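Thanks for asking for a second pair of eyes on this one. Here are my notes, to be read with the model open beside you.

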Amino acid sequence: MMPIDKKFEILEKTTAFQGYFRIDRYTLRHVRYNGGWTAPMTREIFERGHAAAVLLYDPVRDEVGLIEQFRPGAYAAGWKNPWLVEVVAGIIDDDASGEAVAIREAEEEAGVVIADLVPICTYLVTPGGSSESIQLFCARVDASRLAGVHGLEEEGEDIRVFSVSADEAIGWIADGRVANSCAIIALQWLALNRQQLKTRWMA
C-alpha cells in the first residue's frame, strides 16, 4: 500500500438546506498520494443521521422476519416497484444506543419482542455523499408472531411485516427482490452464520 500522510483541512462549512433532513456544504482539501495538496473542493453532504437495523431470525422455524414499505428514494431512482423489502431499522437518537433502537424498532415496525441480539457490523452507507452509518444486528424472535401492518401513524409509517424461510430470503438477493444494502448485508451474514446461530440459540 502506498504510504500517505493522511491530513485534510475543512476550509469552510455551511448548511445549504434544513428540512426533514439537512444538507451541509463543505469546502475542503486533503493530502494527495503523490505528495502535495488537492485544490480546494466543494461537496454537499447529506446529514441523514445514524441508524440501527436488525434482521429478525427464528432458529426453530429457520425463518426470517422482513418488512415492506414505500420508499420515495426508490421511486426517484426509477425503481419499478418503490415498495421495498427490508430489515427493521430506525434512527439512533442522541441519547440511545444502537441496541436500544433495534429493540424499540422491532416492537414498533414488527410487533415482536427480541429474545437475544447479536451484532453483525457497523458500516457507512454511502460515504461519498452522506454521513449516515448503520449498526446492524441479528435478533432471535418467534416468527409465528410476524404478521400484520405496523408503524407509527404520526410518522406516516405503513409497514407490512412477514416471515419467509431463510433459504428463500437469501435467494431474493440474486433475483433482485431484496435490493437495499442493509438487507443484503444482513442476509449474506445469515447465510454464513446460520448454523452457528442455531447452535447458540437452540442449545
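Predicted model: local features only at pLDDT ≥ 70, side-chain atom pairs only at ≥ 80, totals over all residues.

1. Numbering runs from 1 along each chain as its sequence is written, and side-chain values use heavy atoms, without hydrogens and water.

2. The largest nonpolar core has 28 residues, and L55, V64 and L66 touch the most other members. (Such a core is a set of buried Ala, Val, Leu, Ile, Met, Phe, Trp, Tyr and Cys residues joined through side-chain atoms within 4.5 Å; buried means under 20% relative accessible area with a 1.4 Å probe, protein chains only.) Among the elements supplying at least two residues each are β4 (51-58), β5 (63-70) and α4 (181-201), and α4 gives the most, with eight. Helices (H or I, at least four residues) and strands (E, at least two) are DSSP runs, numbered from the N terminus.

3. A second, separate core of 20 residues includes V88, A106, A110 and L117.

4. Is T38 buried or exposed? T38 counts as buried because its relative accessibility is 9%. It lies in the loop between β2 (22-30) and β3 (41-47). Leaving out residues up to four places away in sequence, T38 touches R29, H30 and R32 (heavy atoms within 4.5 Å).

5. Do look at α2 (98-110), one of the elements that supply at least two residues of the largest pocket's lining; α2 gives the most to that lining, with four residues.

Notes:
Buried < 20%, exposed > 50% of the residue type's maximum accessible area, 1.4 Å probe, protein only.
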